[in-house]
Amino acid sequence: MPSISLSVAESALEARMAAGLSQRELADRVGTSQSAIANLELGLSNPTVATVDRCLAAAGFALEIRLVPLQSNDAVVERYLRDVDRTLLRQNLRHSVDERIRSLGEWQENSRMLQTATRKAKQRR
């Protein structure tokens, strides 16, 4: 995943070039130095959102920030997302919370009964 400063640098450079501005011209529009624009475009500075917004606006662009989910590199999560049967999940979610809790209680009771039966069968051997 690229760093934020590299993404900002690439965006600033792309906006300036698309506007057909030199670093000096953009700097004059923003009210800063040419070297500050150069540092921004090289990813050597850590500008505030307001600074980036001013630079992009001076080049005729608006700053848009959005959240993008990160990709999971966890093999278990990836397998779960690929293999889970969503049909059963949807079916279960159609039930009320009380029905789901009651069903869970029944599963727990059945599990205890199965464990008890297994223990008794092992003891008889």
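User: Which residues touch the most other members of the largest nonpolar core?

Analyst: The general idea is that in soluble globular proteins nonpolar side chains tend to be buried together. In this predicted model, the largest nonpolar core has 13 residues, and those touching the most other members are L26, V30, I37, C55 and A59. Two or more residues each are given to this core by helix 1 (4-19), helix 2 (23-30), helix 3 and helix 4 (49-58), with helix 4 providing the largest share, 4 residues.

User: With which residues is I37 in contact, leaving aside its neighbours within four places in sequence?

Analyst: Once those neighbours are left aside, I37 is in contact with R16, Q23, L26, A27, T32 and C55, and among these L26 and C55 also belong to the core residues named above.

User: Is E41 buried or exposed?

Analyst: Buried means under 20% relative accessible area, and because E41 has a relative accessible area of 10%, it counts as buried. E41 is found in helix 3, which spans residues 34-42, and its side chain makes a polar contact with the side chain of R16 at 2.5 Å. Not counting residues up to four places away in sequence, E41 touches A9, A12, L13, R16 and Q23.

User: How many salt bridges does the structure hold, and which residues do salt bridges with shared partners join into one network?

Analyst: A salt bridge pairs a side-chain nitrogen of Lys or Arg with a carboxyl oxygen of Asp or Glu, and the structure holds 4 of them. One of these joins R112 and E109, at 3.2 Å from N to O, and both residues lie in helix 7 (residues 97-124), 3 residues apart, about one turn of the helix. Salt bridges that share partners join R79, R82 and D83 into one network: R79 pairs with D83, their closest N and O atoms being 2.5 Å apart, and D83 also meets R82 at 3.4 Å. R79 is exposed at 52% relative accessibility, as is R82 with a relative accessible area of 58%, whereas D83 is partly exposed at 41%.

Terms used
Residues numbered from 1 in each chain as written. Predicted model: local features only at pLDDT ≥ 70, side-chain atom pairs only at ≥ 80, totals over all residues. Heavy atoms only, no water. Buried < 20%, exposed > 50% of the residue type's maximum accessible area, 1.4 Å probe, protein only. Polar contact = N/O pair within 3.5 Å; in protein donor to acceptor, adjacent residues only side chain to side chain. Contact = heavy atoms within 4.5 Å. Core = buried A, V, L, I, M, F, W, Y, C linked by side-chain atoms within 4.5 Å.
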